[in-house]
Amino acid sequence: MNDMTPIPLPTTKPDDWATDQEVRWCPGCGDYAILKAVQRTMPDIGTARENTVFVSGIGCSSRFPYYMETYGFHTIHGRAPAVATGIKLANPELDVWIVTGDGDGLSIGGNHLLHLLRRNLDVQVLLFNNEIYGLTKGQYSPTSRTGTRSPTTPFGSVERPLHPCAFAMGAGARFVARTIDTAQKNMPEVLKRAHAHKGTSFVEIFQNCIVYNADVFAAFTEKKNAADNQLWCVHGQPLLFAGGSKGLRLNSATMELEVVDIAVGDTAQVLIHDETSRVQAQFLIDMPFGPFPMALGVLYCDPVTSFEVAIEAQRERVVADKTADFNALLRKGQSWEVMAKELRPV
C-alpha cells in the first residue's frame with residue numbers, strides 16, 4: 001500500500017487574510033489591534049482561508065467577519081454560538097471562530113454561550129470585553145463595574161459585574177485564557193494555543209472603547225503600569241511579576257493566595273503555574289485586582305472529547321451493522337391503512 005503524501009497548505013501572509021472592506025470602527029478603538037493580531041496569527045496557524053469561518057453576533061466587535069478574507073456570518077444578537085454549532089456539526093473539518101462582545105455574549109447570548117462551553121464544541125470564542133455597550137452609545141453591560149455611570153445608569157450601576165472567565169469556568173469550559181488588545185507580542189501566542197486546543201477555547205480580550213469607556217483597564221494595560229500589574233502565566237513556570245521581584249504563594253493555613261516579595265533567584269515558595277489545575281485557575285481568575293496583579297495568558301487547559309467528535313462516535317455506534325431500510329422505517333411502530341370510502345350519491 002502506497003503512503004499518501006500530504007499536500008502542504010499554501011503559505012499565506014497577514015495581508016492575505018484582510019478584505020478590501022473599509023474598517024468602520026472609531027479611531028483608536030482596540031478592535032483594530034485585535035484584528036491585526038488575528039490576521040498576523042492566521043498564517044502561523046497554518047490553516048486555509050477557504051476552510052475558515054468567522055461567526056459573530058451584534059455589536060462593534062461583530063463587524064469582524066467583514067474584515068477577514070474567509071467565510072463569515074454576521075448573525076443575530078447573542079446567537080453566534082448556535083450558528084457556529086450548526087456549521088461545525090455540518091462540516092467538522094472547518095475551522096470556526098466566534099467573535100462576540102461582553103454585551104452580545106454575556107447578556108442576550110449568555111444562555112447560548114453557556115451551552116456552547118459545556119458541550120465543548122471545537123471552536124474558538126474571542127470575547128471582546130470593554131465593559132460597555134459601544135454600538136448603542138454607551139449603556140452599561142453585564143461586565144460594567146459597580147458605580148458605572150451610563151445613559152441607563154445615570155446615578156451609577158448598583159449591580160455586581162459578571163466576570164467572563166469565571167462564567168466560562170462555571171459553565172465547564174476546558175480552555176480559558178485572557179489577553180489585552182495591545183498585547184501584540186503575547187496575544188498571537190494565546191490565539192495559537194486556543195486554536196490548537198480541541199474543544200471550545202474561551203479567550204477574554206480586554207478591549208479599550210475609546211469613546212464610551214476609555215482607559216477603564218489602564219491600571220494594568222498602560223505601559224507604565226504593565227510590569228507591576230500584569231502576571232503572564234506560563235505552564236510549568238513560577239507565577240512571578242514586577243520583573244520577578246514578586247510572586248504568588250498559597251497560604252496553606254487560610255487556603256488563599258498572597259503576594260510575596262522574592263529574594264533574587266529564590267522562587268522556592270512561589271506557586272508553579274499548572275494550567276491543567278482547575279482549582280489553581282479559579283484562584284487566578286478570582287484574584288481581586290489591586291492587591292493582586294491581573295493574571296493573563298492561558299489560565300486553564302485540560303482537554304476532553306469535543307462535542308462533534310462525541311456526536312460522530314455516537315452516530316457510528318448507532319448505525320453499525322445495520323442496513324438502511326426506508327420501507328421498514330415507514331412501517332415501524334403504530335400505523336394504519338386508510339381504506340377507500342364508498343361515495344354516496346347526493
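Ring pairs join Trp25, Tyr32, Phe54, Phe64, Tyr67, Trp97 and Phe128 into a cluster. The model described here is a predicted one.

In total, the structure holds ten aromatic pairs. A pair of aromatic rings is described by the distance of the centres and the angle of the planes. Two of the pairs are set out below.

| Pair | Centre to centre | Angle between planes | Arrangement |
|---|---|---|---|
| Trp25 and Tyr67 | 5.1 Å | 80° | edge-to-face |
| Phe54 and Trp97 | 5.7 Å | 15° | stacked |

In the edge-to-face pair of Trp25 and Tyr67, Trp25 belongs to the segment before α1 (30-45), while Tyr67 sits in the loop between β1 (52-56) and β2 (71-74), so the contact ties together parts that are 42 residues apart in sequence. Trp25 is buried, with a relative accessible area of 8%, and Tyr67 is buried as well, at 2%.

The rings of Phe54 and Trp97 count as stacked because their planes meet at 15°, and planes under 30 degrees apart fall in that class. This pair links distant parts of the chain, with Phe54 in strand β1 and Trp97 in strand β3 (residues 95-101), 43 residues apart. Phe54 and Trp97 are both buried.

The model also contains one cavity of 30 Å³ or more. About 40 Å³ of space lies in the largest cavity. Its lining consists of Gly78, Ala80, Pro81, Thr100, Asp104, Gly105, Gly109 and Leu113. Helix α2 (80-90) and helix α3 (102-108) are the elements that give two or more residues to this lining. By class, three of the lining residues are nonpolar, four are polar and one is charged.

Conventions
Residues numbered from 1 in each chain as written. Predicted model: local features only at pLDDT ≥ 70, side-chain atom pairs only at ≥ 80, totals over all residues. Heavy atoms only, no water. Phe/Tyr/Trp six-rings, centres within 6.5 Å; stacked < 30°, edge-to-face > 60°. Helix = DSSP H or I, 4+ residues; strand = E, 2+ residues; numbered from the N terminus. Buried < 20%, exposed > 50% of the residue type's maximum accessible area, 1.4 Å probe, protein only. 1 Å grid on protein atoms, 1.4 Å probe; cavity = no way out; pocket = protein on both sides within 12 Å on 5 of 7 lines; lining within 4 Å. Points joined across faces, edges and corners; volume = space filled by probe spheres on them. Nonpolar A, V, L, I, M, F, W, Y, C, P; charged D, E, K, R; others polar.
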